[in-house]
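Have a look at the structure below, and then we'll go through some of its contacts.

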Amino acid sequence: MTETFVVIGGDAAGMSAASKAKRADPERDVIVFEKGEWVSYAACGMPYYVKGTVEELDDLVTVTPAEFRDERDVDLRTGEEVVDIDREARTVTVAAGDETYEQPYGDLLVATGANAIEPPFDGLGLEGAFTIHDMDEADAIEEYVTERTPETAAIVGGGYVGIEMAEALAARGLEVHLYEMLPHVLQPFGEPVAAVVEDHLREQGVDLHLETAVSGFIGDERVEGVALEDETVAADIAIVGVGVTPNTDLAEAAGIDLGPTGAIATDEFGRTNDENVYAAGDNAEATHVVTGEPDHVPLALTANRAGRAIGQTVTGDPTPVGEIAGTAIVKAFDLGAARTGIVDEERAREAGFDPVSVTISASSRAHYYPDGAELTVTLLADRESGRLLGGSVVGREGAKRIDTVATALNAGMTVPELQTADLAYAPPFSPVWDPILTAAKVLAGKLE
C-alpha cells in the first residue's frame, strides 16, 4: 500500500497541507494536482490589483510553482485535473491534456475550494460581465477597464467582493452603482456596521440601490445596462459578487458525505466519512466556536490553518484543524468593518441563546490626541450565562480590535471576564478604556 499523500487543489488549504507534510516527513511522496496554472495566490488581494494598489498580478502569488517543486520538493502538477476518486482502490483518475491516468494514494486531501455563484441572469455571457473568484478573472477585469475604458459600473452584491470592487472601480474613475437585494450591505456584519458603511459609500459617490433585485444585463455583444424590475440603468461593465458555493461535486460523486451546510462534513482533524480522505478550505465545514455546530465560512485563515493541521495529521501527528468564529474584516474606502461570532440576535435565538446586545461609539484614541476616529462597537451575549457570543467593529481606524473579541470567543469568556481584560493603553493608540472594554462594561451592566 502506497503512502503517497495526494492533494486535490493548489491554493491555500492544499498547498499548506502539502508543504507541512513534506516538512514533517521529507521521505514521503506528496503530489498536488491543480487544474489551473495559478497556485498559492492571495484571492483577497484581487480587488486591489484591479484598483492599481497591487501593480502586478504575480505579486499576489505567495509561493511560485517553481519554489514548491525545487525548494519544497512537492510534486506539483498544474494543468492536471482529478476527475474521479475511487475510494475502494484508493486511486484518483487524472485528466492531463488528452490523456488520463490513475494515481494511487495513501491519504487524500480534497481541497477543491468554492465556485462563484452565477445567478440565472440574462446577459451574464455578454462581454463586460464578470464574476471575480480567480486570478484569470481579476486579470480579465483589469484588462477590460484599461482597454475598453468603461465609464459606468454595475456591481451586483453588497458583500466583501461588492464593497471592495466598488472602491477599486471608483478609484479607476468609474461611476459606480451597487445593487443589493437585501435591506443592507454586509448583511453578516449586522445593521450597526451596515448603516455606517452605507453612509460612507454614499459620501464616496457610490450610488446604492438597496432592496433592489437585478434580473439581468442588456446589450448586443457587450454590457450596456442593468435590467431591474421596472427600469434599466446604463452600465459599461458589470461585476457579480453574490457569494460562493462549495465545490463538492467530485467528493459527492465518490460517496463523501456532505454536512448540513452543503459543504463536506469533517471531524475535528479534517477527516471525512472515509478515514483516508480529508477535506479543507472553502469546500469543507468546520465547527463554530460559539454554537458547537458545523458551519461553512469560507475564509483564508480557516483554509490555511486546516490545511497545515492535516499535513501534520497524515504524517503521524494528529492535529485538530481548530474551530472557527467567522472572524472577518473588510475595507470600505476609508472605513474598516469587522465581525466575529454571532452578531444577529435571531441567529443567536435559533442556536438556543437568549441574546442581549449593546452598541456604543467611542474614540479610537485618547480624546485629546489628534487624528482619532469614532469607532462603533457592538457586542452580543447570552443573558443567562453572560457568555460572549460575538461582536462587530466599524470605523476609520481600529477595526482590527475585533481580534480581541475573537480571542475572547475562543476562550469561552463571559462579558464580565472580557470587561476585566488588561488591554494596552497609550494616548496615540487608545483611550484608557479601550472601546472593546467600554462596550463590555456597558453590556455587563445590561446583563445585571
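Which residues in helix 1 meet which ones in helix 8? From helix 1 come A12, A13, S16, A17, K20, A21 and R23, and from helix 8 come A303, N304, G307, R308, G311 and Q312, where contact means heavy atoms within 4.5 Å. Helices here are DSSP runs of H or I, at least four residues, numbered from the N terminus.

The axes of helix 1 (residues 12-24) and helix 8 (residues 300-313) come within 7 Å and cross at roughly 30°. That makes the two helices roughly parallel, a word used for angles under 35 degrees.

## A word on the model

This is a predicted model, in which local features need pLDDT of at least 70 and side-chain atom pairs pLDDT 80 or more, while totals for chains, interfaces and linings use all residues. Residues are numbered from 1 along each chain, and side-chain values use heavy atoms, leaving out hydrogens and water.

## Salt bridges

There are 17 salt bridges in the structure, each a side-chain nitrogen of Lys or Arg within 4 Å of a carboxyl oxygen of Asp or Glu. One of them joins K22 and D73 (3.5 Å, N to O). K22 lies in helix 1 and D73 in the loop between helix 3 and strand 3, so the pair ties together parts 51 residues apart in sequence. K22 is buried at 9% relative accessibility, while D73 is partly exposed at 48% (buried is under 20%, exposed over 50%, partly exposed in between, with a 1.4 Å probe and protein chains only).

D274 and R87 also pair up, at 2.9 Å, N to O. E3, R28 and D107 form a salt-bridge network.

Terms used: Axes are lines fitted to C-alpha atoms, for helices over the stretch in contact, and angles run from 0 to 180 degrees between N-to-C directions. Angles under 35 degrees count as roughly parallel, over 145 as roughly antiparallel, 65 to 115 as roughly perpendicular and the rest as oblique.
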